[in-house]
Amino acid sequence: MFQLSLLCTNVKSSGISVDVLLFSRPCSTKTTAQHVTKGTTPAPRLFGQPTHLSHPHILKEGELTPGIPLSEFRDRRSSFATSLLYQSSQFFKDTENHLVVIPAAPQAYMSQKVPYVYRQNSDFLYLTGCLEPDSVLVMSLSQNSSNHRAIMFMRERNAHSELWDGPRTGVDEAPKLFEVDEALPIEHLNQYLAAYAKTNPNFMLWYDFRQPIDYKVHNILSTMVPNATTACGKSWMSPRKLVHELRIIKSSAEQALMCKSCQIASKAIETTIATSYPGVSEHELFATVDYHSRMNGAEYLAYLPVVAGGERANIIHYINNSQIVKDGELVLMDAGCEFHGYSSDITRTWPVSGQFSPKQREVYEALLSVQVQLISMLAEHPSLDSLFSSMCQLLAVRLREIGLISNKATSKQELYQAAYAYCPHHVSHYLGMDVHDTELIDRRVRVQPGMIVTVEPGVYIAKDNKLVSPEIRGMGMRIEDDILITETGFENLTAMCAKHPDDIQGLFRASPNYKA
């Protein structure tokens with residue numbers, strides 16, 4: 001066995017001086033053997049994630065992840081590099097070289113040797129298409145060159161580990177699979193970074209020290225940047241906002257995946273509505289939406305759903321989902337699924353008996369009218385914060401009309417505050433790979449074509465609210481849809497999920513178990 005040898009050399013080509021790191025590494029002796037019987041077609045080589053050859057039912061030829069071609073990941077890295085170098089030219093004019101480090105999510109464990117379902121770091125996945133843990137994307141860029149290098153640090157193949165945990169891609173196949181310049185064993189990351197720092201003493205490190213993803217990688221990088229938490233902008237910058245600025249605009253391939261995710265969740269929620277009944281447990285409703293999402297192609301729910309019966313709907317993030325829903329109560333369900341890395345997020349509120357009471361319907365229709373108006377406003381491409389202000393104004397007017405807000409509230413500020421008391425959360429957030437997607441994009445910016453946002457006004461009536469009818473005290477409701485912003489306006493991706501009260505009641509009547 002050879003020991004790792006690391007050489008730093010300087011190569012001059014066409015007048016450009018480039019520092020090159022050379023690694024000498026033997027072929028691994030730990031690769032998994034593949035035996036082929038004479039006269040049979042060898043099975044396709046298995047990697048650390050599905051490929052077109054191993055999973056032709058979910059991946060087309062040329063796709064790295066379902067629905068996303070390999071070329072799109074290469075283009076994303078190119079756009080990211082262009083954005084980074086432009087920002088650097090504006091704010092760090094004396095810095096020539098840049099090193100980007102974005103780790104994969106580590107495998108998390110429920111208990112010893114019992115893993116949680118693995119979910120990749122969205123920023124890493126967006127730039128690489130890699131679904132394996134213990135991986136790191138490293139990009140080296142220079143202001144004096146249009147070329148940038150992308151290196152993947154990954155686990156080597158290991159027969160014993162693969163016996164227990166499944167196939168790995170390995171460093172030999174990774175450059176071709178992910179279309180990167182080079183792949184090296186994850187164990188060599190420390191040496192590579194040290195060598196790069198030695199040959200490029202004044203480089204800018206692009207890594208997020210404040211929100212570490214993988215503490216093994218974080219500890220390595222912490223030794224390179226003393227006082228990292230206070231030195232931001234001097235020796236390091238977080239790359240996350242640059243990545244989020246790319247992720248916020250969905251490509252046509254991403255929009256198709258989002259549309260499918262919304263369709264799956266919409267159908268699952270409609271089925272859950274139709275099969276609910278007085279006395280059903282919130283847990284059963286949770287299981288129903290989860291089951292039908294998975295059976296229609298989703299990997300899993302995008303988040304722990306809110307399944308809140310009765311007054312529990314006033315707990316905005318109620319996720320216990322353990323009570324019985326009584327006759328006459330409403331159910332508020334906030335649920336969505338993840339389909340090949342893209343999330344939906346829908347909320348519907350319905351009467352567990354299948355029939356709204358007159359007072360429940362009055363409040364519901366007031367809320368629905370506000371939501372419909374807010375969605376129509378997206379055609380003008382407002383900011384999400386502007387949409388929230390509009391919600392407070394519209395909700396105040398409608399709630400005053402039905403007696404939930406006193407006629408004594410006349411000023412704009414009084415109406416705004418009264419509406420906010422009934423709906424104390426924002427009306428919208430960005431949606432995409434994550435449910436609350438691209439958190440670093442300010443909600444004060446105007447929405448643009450390719451963005452996907454939610455519209456989710458709610459009305460939550462406290463149990464001790466003496467200003468309203470006793471029948472609706474403790475009642476909570478919310479209506480949420482997922483909206484794609486287009487050049488000509490918008491498209492409601494969850495429009496197929498019933499929300500008009502007549503349509504909701506129609507779902508019950510269409511159920512074979514419905515009793516009038």
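## Pocket lining

Four elements each supply at least two residues of the lining of the largest pocket: β3 (63-65), α1 (70-91), α2 (122-128) and α3 (159-165). Of these, α3 gives the most, with three residues. The model is predicted.

The volume of this largest pocket is about 1,300 Å³. Its lining counts 47 residues, and the closest to the pocket centre are Gly48, Gln107, Tyr118, Leu131 and Pro133. By class, the lining residues of the largest pocket split into 23 nonpolar, 12 polar and 12 charged.

## Strand β5: burial

Strand β5 spans residues 97-103. Seven of its seven residues are buried, so β5 is largely enclosed by the rest of the structure. Buried here means under 20% relative accessible area.

Asn97, Leu99, Val101 and Pro103 point one way. His98, Val100 and Ile102 point the other way. Residues on both sides are buried.

## Strand β5: partners

β5 pairs with two strands, β8 and β11. With β8 (residues 136-142), the pairing is antiparallel and runs over seven bridges. In that pairing, Val100 stands opposite Met139 of β8.

With β11 (residues 204-206), β5 runs parallel, and three bridges join the two strands. Val100, which faces Met139 in β8, points the same way from β5 as His98.

Notes. Residues numbered from 1 in each chain as written. Predicted model: local features only at pLDDT ≥ 70, side-chain atom pairs only at ≥ 80, totals over all residues. Heavy atoms only, no water. Buried < 20%, exposed > 50% of the residue type's maximum accessible area, 1.4 Å probe, protein only. Pairing = 2+ DSSP bridges. 1 Å grid on protein atoms, 1.4 Å probe; cavity = no way out; pocket = protein on both sides within 12 Å on 5 of 7 lines; lining within 4 Å. Points joined across faces, edges and corners; volume = space filled by probe spheres on them. Nonpolar A, V, L, I, M, F, W, Y, C, P; charged D, E, K, R; others polar.
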